[in-house]
Amino acid sequence: MKNHKRFSLAVMAGMMSLMLTGPQAVRAVSAEDARLADSAGSSKWLSGVVSIKAGERAVYALKEDGTVWAWGGELEYGLTGNGSAVPVEAPVRMRIDGVQGMASGSRHTLLLKKDGTVWATGANREGQLGIGDAPPAGVLEPVQVKGLSDITAVAAAGNHSLALQKDGTVWQWGQVDRIHSPSAVPVKATGLPQAKAIAAGSLSSLIQDFQGRVWVWGTKLTDTNPDKLWKPTQVNGLSDVKGIAASVQKAAALQSDGTVAVWKNNKTYPTAGELLKPVQVQDLADAVHVEGGAGWSFSAVTRDGSVWTWDGYWDRPSYTAVRVEGVKDAVDLANTGDYRQYALLKDGTIMEWVAMPNNRPTEPKRVERAVQVVVNGAEVDLLVPPMIVHDTTYVPLRGVFEHVGASVKWQYPSKVTISRNGRNAEIVAMDWKKALNVKESMNAPKAFMKNYTTMVPLRFIAETLGAKVRWDPVRNIVRIDMPQ
């Protein structure tokens, strides 16, 4: 009950703070619109990105200045790492700097700083944050994982975590498999050769060693018999591996000849299918990077910067890659658990599409940065950005109003009063009520609540407080000029 109470309070607080919407994709525009906007010198795109990663429900973009921007997430788990307990649609800045690497599982995220330390945020019910048993419900901002230093890479999936030390040692914590009790702090993985790279699936882990071999350990069969576990086991049939990736049950290896092989690490007993038997992905050559994800899909970048994807859900004698049309100059990839895929381009921007099983990928869209709010020339730092619905800009109630000098009083559960310089307005049951000194418009968009967040149409700020509001669609900026 204590855990539920803690997040109930967080959600209640969200009613009076800056919380937003569900785990949907960032609003994006067509590639042609992106080209035209770029030619006009637009800055509306999420840019300056050097690396991307994704977990089951959230996406992360590392910028060249060491900041991390997150979107998506799940209610209560704080996957955006900015103090908020709800998901967002547009990128928000995590409360951490100096980052060089990221990884994300089902409901937790790891951040590797340039000083070799590891930080974590999100749920901790299986000890996946590595910070001990408390708080089991999780944290909303990154906290340091004690006992780790000189870390060069992190990996996460499901409810478990991995870290690779500079000397090739691997550390693991959380629910390592479905048999053993979870560890709430990092413990050294034993029986492994010196590791060069790490990857994590939801039930198993793998490394690439310095001889180009791949080793797997974790759950073999998802029943309760303790002999159904992999001790560190080499995957045979691979040649000079240059990169590894994992999905829910499967893993992939990039080989020195540019081919990619896929195999199955575990299965639900007694389903068919051989384990640890690599098969080559068809129609894919000259690959330079391979990416798994929290779902079943994989993707790869080839030498010419094109992106290819395939689904790993079914057991097949072979897998066939399909090109993602419209994506060029890709340098990094990220895949979520709901078939959303992302490519980081050479210019530092990100493309997004959906790769559903047995279907062609949808048209890629350029990812936008969040709508900025500028009040009297100064940018407002919001936990949750505005959103656009049917060409109407909505802003979180309390944050924007307080930044323009208005007072906001919430009378739970259904009434909010906004006041500034003798001008007052009320919101009752998410409908506008006739307010003092405010002209009522029958055709005005209504406020709404989503994920315990009250979103109000931006125009209402002007009508209520006498502000001048300007919308810059090219740069995604709302400018509010308040009267003295």
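**Close-up views of cores and rings**

**View 1. The largest nonpolar core has 25 residues.** Val 375, Leu 397, Phe 401, Val 404, Ile 480 and Met 482 have the most contacts inside it. Suppliers of at least two core residues each include strand S31 (372-375), helix H3 (397-403) and helix H4 (458-465). A nonpolar core is a set of buried Ala, Val, Leu, Ile, Met, Phe, Trp, Tyr and Cys residues joined through side-chain atoms within 4.5 Å. Buried means under 20% relative accessible area (1.4 Å probe, protein chains only). Helices (H or I, at least four residues) and strands (E, at least two) are DSSP runs, numbered from the N terminus. The model is predicted: local features need pLDDT of at least 70, side-chain atom pairs count only at pLDDT 80 or more, and totals for chains, interfaces and linings use all residues. Residues are numbered from 1 along each chain as its sequence is written, and side-chain values use heavy atoms, without hydrogens and water.

**View 2. A second, separate core holds 16 residues.** Among them are Val 235, Leu 238, Val 241 and Ala 251.

**View 3. Trp 71 and Tyr 342 pair edge-to-face.** Ring centres of Phe, Tyr and Trp (its six-membered ring) must lie within 6.5 Å; planes over 60 degrees apart count as edge-to-face, under 30 as stacked, the rest as tilted. Here the values are 5.9 Å and 75°. Strand S4 (residues 68-72) holds Trp 71 and strand S28 (residues 340-345) holds Tyr 342, so the pair ties together parts 271 residues apart in sequence. Both residues are buried.

**View 4. Phe 298 and Trp 310 are stacked.** Their centres are 5.7 Å apart, with 10° between the planes. Both Phe 298 and Trp 310 are buried.

How values were computed:
Buried < 20%, exposed > 50% of the residue type's maximum accessible area, 1.4 Å probe, protein only.
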